[in-house]
Amino acid sequence: MADTAAVPLTPASPPHGALARAERFVWLTARVLEQRLFAHHFRDGAAGPVETALEAYRNDDGGYGHALEPALRGPASLPAHTARALHVLDAVGRCDPRRAEDVCRYLTSVSTAEGALPAVRPAGSGEGAARLPGALSATAPVVGLLHRNEVWHPWLFRATDFCRRAVESLEAARPGDVEAAVLFLDHAPDRVRAEAAAERLGRLVRREGLVVLDPDGPGARPAAPGAQPSAPTDALSPTPGAPRFPHDYAGTPGSLARAWFTDAEMERSLDALAAGQQADGGWPARPLPGAPESTPVALLEARPLATTEALRTLAAYGRSLA
């Protein structure tokens, strides 16, 4: 193990605070990209080094690969890798139309006739892969980010219509679909329609027990009794069936999903998120739905991403990271 005394800390961070512990974890375990991203968010690091590190994952087809999304290995471009790239570019304010043009060219090549992206696309190309069904969970976050950055492209019109129809027809939703739907609705261009869809979706989430409202309850049971099996004792453990908390849907106070929860419910959720920091300073990572079982390396590479997102959520709600 590297000498932790050699790991630099933010001067203003108490040595045992949440941010300082997370920083040690990132410097000791993260890839260059995640180190640069952490520095950008919490140490006033420039956006340029983040973009430079991300460039190593880009392919000639305009997509991204090379295990940018840690759960999916190999060099081939995949929608999940490309969605992760857009998330990074958006986070540093570099998701401009010039870069998005190449990305949309790739997304067009792998989408269905409706403009939908497959959840997990096999490596390589071919007609068989192109016929894979589209998924809201894969398409909505990408479309939402592009709208957030005011990008327009012919593919985006079709993809937006797909997302609207899919979101408005959700009845027995899975948590991953709801999370994706929120990312779309938060930035969809028709705000009146988006707000109406979000209100309906919030009622569905509570009715179907797709959220844990009392993290300290017995087994952290979901809101609607009997709707979902009880969660493990460690409700924040990175298991495929891990429950969702209010902060998983409303990652920022400005999200439409924030209206789904009372102030008290959100505070309990944030308490649970803060308590999820592990002894090594990092947060656990949730497996990517549909991906192969993660290897130890993939799980380790995913944790700095989860750690940075946990810190950003806590900071967005004004929680102290000291």
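**Salt bridges and a helix crossing**

Modeller: This is a predicted model. E55 has a relative accessible area of 33%, so E55 is partly exposed.

Biologist: Which residue does the side chain of E55 meet in a salt bridge, and how far apart are N and O?

Modeller: The salt-bridge limit is 4 Å from nitrogen to carboxyl oxygen. The side chain of E55 meets R58, which falls within that limit. R58 has a relative accessible area of 30%, so R58 is partly exposed too. The N to O distance between E55 and R58 is 2.7 Å.

Biologist: Which residues are linked with E55 and R58 in a network of salt bridges?

Modeller: E55 and R58 both belong to a salt-bridge network.

Biologist: How many residues apart are R165 and E114?

Modeller: R165 and E114 form a salt bridge, with the closest N and O atoms 3.5 Å apart. R165 sits in helix 8, while E114 is in the loop between helix 5 (97-110) and helix 6 (127-130). This pair links distant parts of the chain, and the separation is 51 residues.

Biologist: Is R165 buried, partly exposed or exposed?

Modeller: Buried means under 20% and exposed over 50%. R165 has a relative accessible area of 45%, so R165 is partly exposed.

Biologist: Where in the chain is E171, the salt-bridge partner of R200?

Modeller: The closest N and O atoms of E171 and R200 are 3.6 Å apart. R200 lies in helix 10, 29 residues from E171. E171 itself is in the loop between helix 8 and helix 9 (175-185).

Biologist: At what angle do the axes of helix 8 and helix 10 cross?

Modeller: Helix 8 spans residues 154-168 and helix 10 spans residues 191-207. Helix 8 passes helix 10 in a left-handed crossing. Their axes come within 10 Å and cross at roughly 35 degrees.

Biologist: How many charged residues does the contact of helix 8 with helix 10 have?

Modeller: Helix 8 contributes R164, V167 and E168. Helix 10 contributes R193, A197 and R200. By class, the contact has two nonpolar residues and no polar ones. The charged residues number four.

Terms used: Residues are numbered from 1 along each chain as its sequence is written. This is a predicted model: local features need pLDDT of at least 70, side-chain atom pairs count only at pLDDT 80 or more; totals for chains, interfaces and linings use all residues. Side-chain values use heavy atoms; hydrogens and water are left out. Axes are lines fitted to C-alpha atoms, for helices over the stretch in contact, and angles run from 0 to 180 degrees between N-to-C directions. Helices (H or I, at least four residues) and strands (E, at least two) are DSSP runs, numbered from the N terminus. A crossing is left-handed if the near helix is turned anticlockwise from the far one by less than a right angle, and right-handed if clockwise. Contact means heavy atoms within 4.5 Å. Ala, Val, Leu, Ile, Met, Phe, Trp, Tyr, Cys and Pro count as nonpolar, Asp, Glu, Lys and Arg as charged, and the others, Gly among them, as polar. Buried means under 20% relative accessible area, exposed over 50%, partly exposed in between (1.4 Å probe, protein chains only).
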